[in-house]
Amino acid sequence: DDLSPRVQAVLAELGCEIERLRFEIERLRHRQEILEDLADQHAFMPVVNRRAFLRELGLFLNHLPDRRVEAVLALFHLENFHDLHRRFGLQAAEEALIHMARQVTGAMRASDTVGSVGGSVLAVLMVSSSLDGALGKVTALARTINDRPLSRLALPATAAEQADDRILVLRVITAATALTPDDTPEQAVDRADALVRQAFSGSGHP
């Protein structure tokens, strides 16, 4: 009441400006969160990208000695991705990758992290899992994916497509390695990848 009408008007205007700035800051913070989430997502698969996966794996490994839990890194490699690309086109090959990603994410627990580590390879950080248990799970899942071809009948056919072109048979190779406190994310991925390549060589492929 001691303030003049002019001062009261100025204070009211400042109050409105403060509220506007608060709203703008909140809007920008929300936008930043959305952009950060998008930056972590793979371009077309429903998993995180390599950068985000290695970050999560690194954070877990940094706390592994304190947690005193078993953990496993598993890889799923779509071995015939390039063959599908060559025979049916890039869209079909990417559909096969998306299908594999959905099957893998659907079979894992909420505590597990699934991400792309490049090309046609998915990685899974399996927390509180023994190596034997993880191997059994990923092997069974790969067998299920391989035994159930992906039908593309829901998509419009092109004039050049044959009946066999509407069915995609996936060939998924898996490997798993136990994580240790001495691992770096890159070392763990490289070790699992060596096991994938060993399995690939043993499958009779060049």
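**Notebook: a walk from His-77 through the sheet**

I began at His-77, which has its place in strand β1. For the record, I am looking at a predicted model, where local features need pLDDT of at least 70, side-chain atom pairs count only at pLDDT 80 or more, and totals for chains, interfaces and linings use all residues. Residues are numbered from 1 along each chain as its sequence is written, and side-chain values use heavy atoms, with hydrogens and water left out.

**Entry 1: His-77**

Is His-77 buried or exposed? I found it buried, because its relative accessible area is 17% and buried means under 20%, exposed over 50%, and partly exposed in between (1.4 Å probe, protein chains only). I then looked up what His-77 touches, leaving out residues up to four places away in sequence: Ser-120, Val-121, Arg-171, Val-172, Ile-173 and Val-196. A contact here means heavy atoms within 4.5 Å.

**Entry 2: the whole chain**

Next I stepped back and counted six helices and six strands. These are DSSP runs, numbered from the N terminus: helices are H or I with at least four residues, and strands are E with at least two. Along the sequence I read the pattern α-α-β-α-α-β-β-α-β-β-β-α. Of the 206 residues, 38% count as buried. I noted an accessible surface of about 12400 Å², with 55% of that belonging to carbon and sulfur atoms; such areas come from the Shrake-Rupley method with a 1.4 Å probe, and for residues only the protein chains shown count as cover. Among contacts between residues at least 6 apart in sequence, 65% join residues at least 24 apart.

**Entry 3: the sheet**

In what order do the strands of the open sheet of four stand? I read β2-β3-β1-β6, with antiparallel pairing. Two strands pair if DSSP finds at least two bridges between them. A reminder to myself: strands of a sheet pair through backbone hydrogen bonds, either parallel or antiparallel. β2 (113-118) and β6 (172-178) are at the edges with a single partner strand each, so one side of each has no neighbour in the sheet. From one strand to the next, the twist averages 25 degrees; angles run from 0 to 180 degrees between N-to-C directions, and axes are lines fitted to C-alpha atoms, for helices over the stretch in contact.

I followed β1 (residues 71-78) to its partners. It pairs with β3 (residues 121-127) in the antiparallel sense over seven bridges, and Leu-73 has Leu-125 of β3 as its bridge partner. Helix α5 (residues 131-147) packs on the sheet and touches β1, β3 and β6, and its direction makes about 170 degrees with that of β6. Seven bridges also join β1 to β6, again antiparallel, with Leu-75 opposite Ala-175 in β6. Six of the seven residues of β6 are buried, so I wrote this strand down as mostly covered.

**Entry 4: Thr-144**

On helix α5 I picked Thr-144, which is partly exposed at a relative accessible area of 29%. How far apart in space are Thr-144 and Val-172? They are 9.7 Å apart, C-alpha to C-alpha, and 28 residues apart in sequence.

**Entry 5: two helices**

Last, I looked at helix α3 (residues 81-88) and helix α4 (residues 90-107), whose axes come within 7 Å and cross at roughly 145 degrees. The contact uses Phe-81, Leu-84, His-85 and Phe-88 of α3, and Leu-90, Ala-92, Ala-93, Glu-94, Ala-96 and Leu-97 of α4.
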